[in-house]
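I opened the model with the sequence alongside. These are my notes, in the order I looked things up.

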Amino acid sequence: MNSQLALQGVAVSYGDYTAAQEVTLSLEQGQIGCLLGPSGCGKTTLLRAIAGFEQVSAGTIKLRGQAISRPGAQLPPEQRKVGMVFQDFALFPHLNVQRNVGFGLHAMDRKSRAQRVQEMLSLVNLEAYAKSYPHELSGGQQQRVALARALAPNPEILLLDEPFSNLDSELREQLATEVRQLLKRNGVTAILVTHDQNEAFAVADQITLMRDGRVVQIDTPYNLYHNPASEFVAEFIGQGSIITVSVDDTGELDNGLGILDMGHRHWQAGESLRLLVRPDDVEYDDFSSLSLPIVSKSFRGAHYLYELGLPDGQSVPCMTPSHVDRSVGQTLSVKFNLQHVVVFPALKEAQS
Ligand code: ATP
């Protein structure tokens with residue numbers, strides 16, 4: 001079966017500078033993908049290549065099995081069935097909502113166009129605003145108009161470039177969830193570009209994490225968090241500390257925090273390991289005999305994120321309900337749940 005979108009060994013260069021390389025990824029019909037990574041890692045470049053605004057210098061981009069980009073042969077953007085939503089909404093200020101949404105539908109007769117616009121406005125819950133102008137709408141409403149406009153011509157894929165970043169944080173979260181539901185309900189295949197992992201988690205089925213123009217890991221949000229392929233991924237995604245420990249032949253840690261599950265893991269007694277400890281692995285428990293000093297604390301509303309010091313000077317995170325309000329320098333009693341910690345070989349990582 002052909003994927004809806006497939007990138008095979010794609011590279012994009014600006015002159016001598018290669019902004020993306022060896023990018024291979026695919027999305028099935030109805031799947032929502034996300035390009036995530038630090039600023040400058042090549043996310044927007046790739047999205048623009050899929051849209052046809054940048055040429056590829058190597059590899060192939062296929063939409064529903066048809067090559068739309070390869071070196072020296074590019075289907076022009078307007079001939080790709082691609083919808084785009086940008087960060088700055090890019091609505092036409094002199095056209096009302098209805099005409100903005102109908103803008104890409106010139107090939108349709110007047111009646112079908114009106115009907116399609118109506119459908120799209122109802123999809124994004126803006127029927128009441130058909131005659132309003134963009135400046136009369138809130139940021140969230142404008143972004144919903146942009147979404148309706150991009151979806152109106154029934155694109156084979158929808159490209160979303162940081163679509164929520166101009167909105168305030170509460171609205172951003174709400175709209176991200178809404179957009180996911182809307183795309184899923186309508187079976188739309190989409191790719192979102194963001195540097196905000198919470199947004200990626202809220203919207204995507206599949207996340208492609210990038211670094212310096214290359215793909216580092218492609219996975220579900222769950223796996224990216226729980227099974228990071230490298231220390232870079234572990235540090236970029238979610239909260240957590242990576243600590244260096246050594247184990248004896250029963251898996252017991254030298255720092256007294258407990259015993260590692262030896263199940264599927266292979267290491268030598270005395271070997272140095274790097275452990276990813278997430279807040280989920282350190283449980284606040286007043287009855288535990290293990291008390292650790294609080295090094296720092298950060299209020300998050302519903303909870304506190306504490307950083308707890310280990311005797312060897314390293315530290316680990318712990319999340320508590322926010323009524324557990326201790327001061328830096330006091331201690332917190334905790335239990336370690338080591339069955340889910342991720343183990344990285346110390347030497348290999350230190351070299352990479
Ligand atoms: P951000 O999250 O900051 O938007 P990004 O991951 O989307 O970053 P890109 O915009 O794809 O990154 O840029 C990748 C690299 O390519 C950057 O180093 C950038 O400076 C460079 N670049 C982007 N556009 C051009 C261009 N038109 N000409 C030359 N270099 C460019």
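**Entry 1**

I began at β14, which is joined to strand β18 (residues 331-336) by 3 bridges, the two running antiparallel. Helices (H or I, at least four residues) and strands (E, at least two) are DSSP runs, numbered from the N terminus. Two strands pair if DSSP finds at least two bridges between them. I noted that this is a predicted model: local features need pLDDT of at least 70, side-chain atom pairs count only at pLDDT 80 or more, and totals for chains, interfaces and linings use all residues. Residues are numbered from 1 along each chain as its sequence is written.

I looked up Y284 and found V334 as its bridge partner in β18. β15 also pairs with β18, antiparallel, over 3 bridges. There, S291 stands opposite S333 in β18.

Next I checked D286. I found D286 in the loop between β14 (282-284) and β15 (291-299). Is D286 buried or exposed? D286 is exposed, because 9 other C-beta atoms lie within 10 Å. The cut-offs: a residue is buried if 20 or more other C-beta atoms lie within 10 Å of its own, exposed if 12 or fewer, and partly exposed in between, with C-beta atoms placed from the backbone.

**Entry 1: the whole protein**

I stepped back for totals. The protein has 9 helices and 19 strands. Its C-alpha trace spans about 75 × 50 × 35 Å along the principal axes. Of the 352 residues, 38% are buried.

**Entry 2: the ligand shell**

Which residues surround the ligand? I listed Y14, Y17, A19, G37, S39, G40, C41, G42, K43, T44, T45 and H195. A residue counts as near a molecule or strand if its C-beta atom, placed from the backbone, lies within 6 Å of it. β2 (17-27) and α1 (43-51) are the elements that give two or more residues to this shell. The largest share, 3 residues, comes from α1.

By type, I read the shell as 4 nonpolar, 7 polar and 1 charged. Here Ala, Val, Leu, Ile, Met, Phe, Trp, Tyr, Cys and Pro count as nonpolar, Asp, Glu, Lys and Arg as charged, and the others, Gly among them, as polar.

**Entry 3: strand β9**

I turned to β9 (residues 190-194). Strand β9 is mostly covered, with 5 of its 5 residues buried. A190, L192 and T194 point one way, I191 and V193 the other way, and all are buried. In a regular strand the side chains alternate between the two faces of the sheet.

I then traced its partners. Strand β3 (residues 32-36) runs parallel to β9 and is joined to it by 5 bridges. L36 stands opposite T194 in β9. Strand β8 (residues 157-161) is also parallel to β9, with 4 bridges. D161 stands opposite V193 in β9. From β8 the chain crosses through helix α5 (residues 169-185) to β9, and this β-α-β crossover is right-handed. Right-handed means that, with the strands pointing away from the viewer, the path from the first strand over the helix to the second runs clockwise.

I stayed on α5. This helix has 17 residues and reaches 24 Å from first C-alpha to last, close to the 24 Å expected at 1.5 Å a residue. The expected span is 1.5 Å times one less than the number of residues. Which residues of α5 are buried? They are R172, L175, A176, V179 and L183. Seen down the axis of α5, its buried residues fall within an arc of 110°, so they line one face of the helix. The arc is that of the directions from the helix axis to the C-beta atoms. On the other side of α5, E170, T177, Q181 and R185 are exposed.

Helix α4 is mostly covered, with 10 of its 13 residues buried. Among them are R144, L147 and R149.

**Entry 4: the open sheet**

Last, I followed an open sheet of 5 strands, in the order β2-β1-β4-β5-β6, with antiparallel pairing. β2 and β6 (73-74) stand at the edges with a single partner strand each, so one side of each is left without a neighbour in the sheet. Inside the order, strand β1 (residues 5-14) runs antiparallel to strand β4 (residues 58-63) over 5 bridges. L5 stands opposite L63 in β4.
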